[in-house]
Amino acid sequence: LYRIIVSWEHRGQAVTSLCWDTSSLKVYVGDSGGKVSLLRAASSKLGKGPFVIFPVQTVTTVDSRVVQLGYQDGRLLVSSLTRCYLCDTEREKFWRVGNKERDGEYGACFFPQNKGLLVGQPALLYCARPGSRIWEVNFSGEVLSTHQFKQLLSCPPLPLITHRNEPHYDPDRRASQSVAFSRLLYLGDLHLLSWSDSAVYIFTPQSGQVLLWTEVKDILDVAVHRNELFCLHGDGRLSHLSLLSAERCVERLLRRESWALAATVCCMFQHAVTTSRARKYVPIERLEHLRAQLGSSPDLELSAQLEQVIGKLEPSDSASSSRRSSISSHESFNVLDCGIYRVISRRGSQSEEETGSLINHSMSEEERLKEFSFTQEEEQMDHGRTSSCACCQAPS
């Protein structure tokens, strides 16, 4: 482990944001006084050193504390307490994003266009505004539209499924929320992530829909990689969450022999597990094995509920959405992408990736929450990693 460079550029101020440009070993630093600087180191041997050190460069000083920094294709995005700024780092040109100021911690991030016909198009920007609003901005800093999520966030929080707590879902828990999105992050190919000290929020901004929100306590900071979330908590814990489909969550629980929890997930999210697409990950044989494992369980009600779910499974070659009252041994279920799951895995296990489809405003509450699963692998730095699972989705 080598110390490459030390900067005293921000002496006397608190560093409030860091942003890497990994392609050129640059790191942008923002502080509580509004200063943004650039640290740069280059390697002559494909990252193996020796390193060439460049002088620390002051990029800009904005009007107030830097809340969040972002970098994409030569553009630096700076979100302060009052507004967002866009900087062309090559031409050293700066723009203010929008005309209206704000007062408080509101995040901003780039949103690359990596899907379908949009591949190769310039990235979008999303900038948080008061009242659960988010601006959609083009790569030149022009505000295209405003997304209002206050009423959409009145949907119930998705339940967390963990070995330590029995999952509960209250469909009547509905109240609009006015959330200050203090940070925004690009998640996967379609989603936008924000969080507070008590909840995580995931949006599909290009359809203007809240994919989910779920309660996660005492979050200080979050980093993302593809569909993976790494959450730092106030007590020093580090939790690892993955966005997965419902069937992948059930598959994981079965692989870890968490029989009761797997059965609970199947019953709670049966609209997802009864469709033919889920068969790829959880064939009928595995569900029947699960039912056999529950045979000696004192929870006869759970076993009976799982039996009903198995009776609704669609055949693998079914082209219709109709349910069958009985299925043969070769038939399986499929989970509509209808849930959010978090799985806390054992040490050394690897998380898996999954994608899902966009959510439409016209979808019912049931359909809205069929698309995703959240798996969590939670690590306590002092006590090692514990094994449990959490799942979120709107049960029927």
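**Entry 1. Aromatic pairs**

I count rings of Phe, Tyr and Trp (its six-membered ring) as a pair if their centres lie within 6.5 Å. The model I am reading is a predicted one. By this rule I find 8 aromatic pairs in it. I took one of these pairs, phenylalanine 111 with tyrosine 186, for a closer look. A pair of aromatic rings is described by the distance of the centres and the angle of the planes. For phenylalanine 111 and tyrosine 186 I noted 4.9 Å centre to centre and 80° between the planes. I then looked up where the two rings sit in the chain. Phenylalanine 111 belongs to strand β10, while tyrosine 186 belongs to strand β14 (residues 185-187). The two residues are 75 residues apart, and their pair links distant parts of the chain.

**Entry 2. The sheet that holds β10**

I next followed β10 into its sheet. I found an open sheet of 4 strands in the order β10-β11-β12-β13, with antiparallel pairing. Which strands stand at the edges? They are β10 (108-111) and β13 (143-148); each has a single partner strand, so one side of each is left without a neighbour in the sheet. From one strand to the next, I recorded a twist that averages 25°.

I then examined how β10 is joined to strand β11 (residues 124-129). The two strands run antiparallel, and 4 bridges join them. Within this pairing, I saw cysteine 109 opposite tyrosine 126 of β11.

**Entry 3. A loop residue beside this sheet's strands**

I looked up glutamate 142 and placed it in the loop between β12 (133-137) and β13. Which residues does glutamate 142 contact, leaving aside its neighbours within four places in sequence? I noted Glu136 and Val137. I also checked arginine 96, which is 46 residues from glutamate 142 in sequence. The C-alpha atoms of these two residues are 9.1 Å apart in space.

**Entry 4. A second sheet**

I traced another open sheet of 4 strands, this one in the order β6-β7-β8-β9 and again with antiparallel pairing. Its edge strands are β6 (66-72) and β9 (93-97), each of which pairs on one side only. Neighbouring strands of this sheet are turned by 20° against each other on average, direction ignored.

Inside the sheet I followed strand β7 (residues 75-80) and strand β8 (residues 84-88). They run antiparallel and are joined by 5 bridges. I noted leucine 86 in β8 as the bridge partner of leucine 77.

**Entry 5. Helices α1 and α2**

I turned to the helices and began with helix α1 (residues 246-255). The axes of α1 and α2 come within 8 Å and cross at roughly 160°. The two helices are therefore roughly antiparallel to each other, since angles over 145 degrees are classed that way. I recorded a left-handed crossing of α1 past α2. At the contact, Val250, Leu253 and Leu254 of α1 meet Trp259, Leu261, Ala262, Val265 and Cys266 of α2. By class, I listed 8 nonpolar residues here, with no polar and no charged ones.

**Entry 6. Helices α2 and α4**

I then followed helix α2 (residues 259-268) to its packing with α4. The angle is about 125°, and the axes are 10 Å apart. The crossing of α2 past α4 is left-handed. From α2, the contact uses Trp259, Ala262, Ala263 and Cys266; from α4, it uses Leu287, His289, Leu290 and Gln293. I divided the residues of this contact into 6 nonpolar, 2 polar and no charged.

**Entry 7. Helices α4 and α5**

Last, I examined helix α4 (residues 284-293) against helix α5 (residues 300-310). They pack at an angle of about 160°, with their axes 10 Å apart. That makes α4 roughly antiparallel to α5. I recorded the crossing of these two helices as left-handed. Which residues make the contact? On α4 they are Ile284, Leu287, Glu288, Leu290 and Arg291, and on α5 they are Leu306, Glu307 and Ile310. By class, I noted 5 nonpolar, no polar and 3 charged residues in the contact of α4 with α5.

Definitions and conventions. Residues are numbered from 1 along each chain as its sequence is written. This is a predicted model: local features need pLDDT of at least 70, side-chain atom pairs count only at pLDDT 80 or more; totals for chains, interfaces and linings use all residues. Side-chain values use heavy atoms; hydrogens and water are left out. Axes are lines fitted to C-alpha atoms, for helices over the stretch in contact, and angles run from 0 to 180 degrees between N-to-C directions. Angles under 35 degrees count as roughly parallel, over 145 as roughly antiparallel, 65 to 115 as roughly perpendicular and the rest as oblique. A crossing is left-handed if the near helix is turned anticlockwise from the far one by less than a right angle, and right-handed if clockwise. Contact means heavy atoms within 4.5 Å. Ala, Val, Leu, Ile, Met, Phe, Trp, Tyr, Cys and Pro count as nonpolar, Asp, Glu, Lys and Arg as charged, and the others, Gly among them, as polar. Two strands pair if DSSP finds at least two bridges between them. Rings of Phe, Tyr and Trp (its six-membered ring) pair if their centres lie within 6.5 Å; planes under 30 degrees apart count as stacked, over 60 as edge-to-face and the rest as tilted.
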